[in-house]
Amino acid sequence: KRRKQDSKIKNTDAHKSTTPRKMDITSFIPFAEKACEFLTASPDPFHSVQNNTVKLEAAGYVQLSKRDPFAGKLEPGGKYYYTFNKTTLVAFAVGSKYKAGNGFKIIGGHTDSPNLKVKPHSKKSGSGCVMLGVECYGGGLWHTWLDRDLGISGRVLVRAQTNGKEIIEQKFVKIAKPVARVSSLCIHLQTAEERKSLSLCKETHLGPILGTAGILEHGARSQLTGGDQEDFWRKNQDPLLLELIANKLEIEVKNIADFELNLFDCQPATLGGLKDEFLYSARLDNQATCFVSIESLIAHTSGGGLDNDEDISMICLFDHEEVGSSSAHGAGSPIVSEAVRRISTALSEEKGTLNPDLYSACIRKSFLLSVDQAHAIHPNFPNKHEKNHAPKMNAGVVMKTNQNQRYTTNSVTGFIIREIVRKANITPVQEFVVRNDCPCGSTIGPILSTATGIRTVDAGMPQLSMHSCREVMGIVDLTNCLELFQGFFTHFREIDDYLEG
Ligand SMILES: [Zn+2]
């Protein structure tokens with residue numbers, strides 16, 4: 001409470017130089033614990049999107065059907081969302097002072113993380129063990145998946161009846177107990193060369209073990225091979241896996257029509273470090289952004305933030321970033337340009353038609369904050385960062401610059417973010433540029449700005465162990481990020497207006 005009041009008072013001196021926030025760690029813990037809950041409950045993009053839509057609905061957001069025209073359904077002050085494939089989420093709120101052709105303030109992130117996904121032909125065995133066929137998704141640090149207690153989650157297509165007609169229901173399943181494990185090879189059986197290289201063959205060394213064949217022979221296996229009407233898909237799955245899913249969903253095995261599953265680490269997200277100043281979890285990249293961005297949109301649109309808002313405030317969380325974003329619901333798809341066009345059209349004076357010139361004007365007034373986790377400096381590998389661009393955990397959101405356009409930030413878009421920091425009097429951003437002799441990651445930022453022409457900046461919360469099965473970040477940065485997002489929704493228009501003269 002006190003912190004809030006302090007920042008209100010300081011806001012009147014917004015242009016004075018700022019000092020980093022006083023580190024009373026306990027005040028950051030409640031928000032970090034909320035993040036832990038979200039992370040543990042979101043082992044895959046399906047659950048991430050679902051958990052965020054539950055929060056949006058509770059905050060008064062209305063689901064739109066993408067297959068029907070938006071015209072007649074949107075109004076200034078309104079709050080809406082829709083999804084693609086149940087793994088990509090678009091949520092937005094219309095400012096009460098919105099006029100057709102006004103801009104979009106967009107925060108973009110991604111819902112997917114590297115993991116092991118179950119293959120279409122998942123049934124596999126070897127050396128007396130019941131195994132699971134899996135495919136590596138994205139660029140995981142695969143050795144970190146060894147010897148972890150793994151659960152299974154994802155989407156299951158289930159045959160059901162309604163009014164005597166057959167339908168297919170999509171159910172999400174989360175088996176949060178250690179049913180699978182990828183075991184490492186003991187050190188004694190490794191040659192000196194193998195010990196040194198720590199290398200794994202992605203096809204042969206990452207097979208999860210579900211059980212031992214002898215134990216399972218007399219159980220579900222024998223029951224399920226006869227009797228049921230088998231189809232060609234089900235024959236490719238281990239009966240025990242199907243039984244596990246059926247029990248969890250309280251359905252019959254024969255009604256499982258298909259599935260899309262992945263493995264995840266069962267260990268819940270937790271706070272750690274001497275003062276609980278760290279958050280240890282899987283999928284911080286980029287579920288941390290999914291969590292903070294929706295929290296910030298709800299905060300902006302619940303507390304009277306829309307009253308003086310002339311623009312659309314929007315969050316877009318995409319699937320498939322970890323594999324390049326090229327898919328029907330990845331950032332490389334038309335989702336953002338389509339959203340801008342459809343929403344602007346639905347809110348135009350002659351509802352249902354939009355002057356193309358007005359659409360282009362709207363694009364030029366819009367701004368995208370592309371948010372993905374950033375690399376903090378690692379105390380065991382300090383030489384991996386250039387010392388002037390070495391962000392620290394718990395020290396602020398990182399702004400990423402790369403002149404080769406792996407990141408989108410330039411002097412103007414970077415200035416807008418720094419100016420938001422000054423206006424809102426929040427923790428300054430830290431600057432990151434990758435070393436010249438080091439390869440650089442990329443984000444959805446360059447993809448979205450190329451596709452839409454919207455000015456973009458790349459930023460994110462600093463963390464270690466990116467793409468590990470278990471990552472770490474500082475809890476203060478969750479609040480730093482929340483305040484930056486709220487500052488963006490509150491101050492962007494004013495800054496953009498005086499920037500453009
Ligand atoms: Zn990422």
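The largest cavity lies between domain 1 (24–113 + 282–500) and domain 2 (115–265), because both give residues to its lining; the domain bounds come from an automatic or database assignment. The model is predicted, with local features needing pLDDT of at least 70 and side-chain atom pairs counting only at pLDDT 80 or more, while totals for chains, interfaces and linings use all residues. Residues are numbered from 1 along each chain as its sequence is written, and side-chain values use heavy atoms, with hydrogens and water left out.

A cavity here is a set of points, on a 1 Å grid over the protein atoms alone, where a 1.4 Å probe fits but cannot get out; lining residues have an atom within 4 Å of a point. Volume is the space filled by probe spheres set on the points, which are joined across faces, edges and corners. There are three cavities of 30 Å³ or more, and the volume of the largest is about 110 Å³.

Its lining consists of 15 residues, with Pro114, Asn115, Trp145, Ala282 and Arg283 nearest the centre. Strand β10 (residues 256–265) contributes three residues, the most to this lining; strands are DSSP runs of E, at least two residues, numbered from the N terminus. By class, the lining has seven nonpolar, four polar and four charged residues.

The structure has zero disulfides, a disulfide being a pair of cysteine sulfur atoms within 2.5 Å. The sulfur of cysteine 201 is too far for a bond, because the closest cysteine sulfur, in cysteine 136, is 9.0 Å away. For cysteine 481 the closest cysteine sulfur is in cysteine 290, at 11 Å, also too far for a bond.

Definitions and conventions:
On a 1 Å grid over the protein atoms alone, a cavity is a set of points where a 1.4 Å probe fits but cannot get out, and a pocket is an open set with protein on both sides within 12 Å along at least five of seven lines; lining residues have an atom within 4 Å of a point. Helices (H or I, at least four residues) and strands (E, at least two) are DSSP runs, numbered from the N terminus. Ala, Val, Leu, Ile, Met, Phe, Trp, Tyr, Cys and Pro count as nonpolar, Asp, Glu, Lys and Arg as charged, and the others, Gly among them, as polar.
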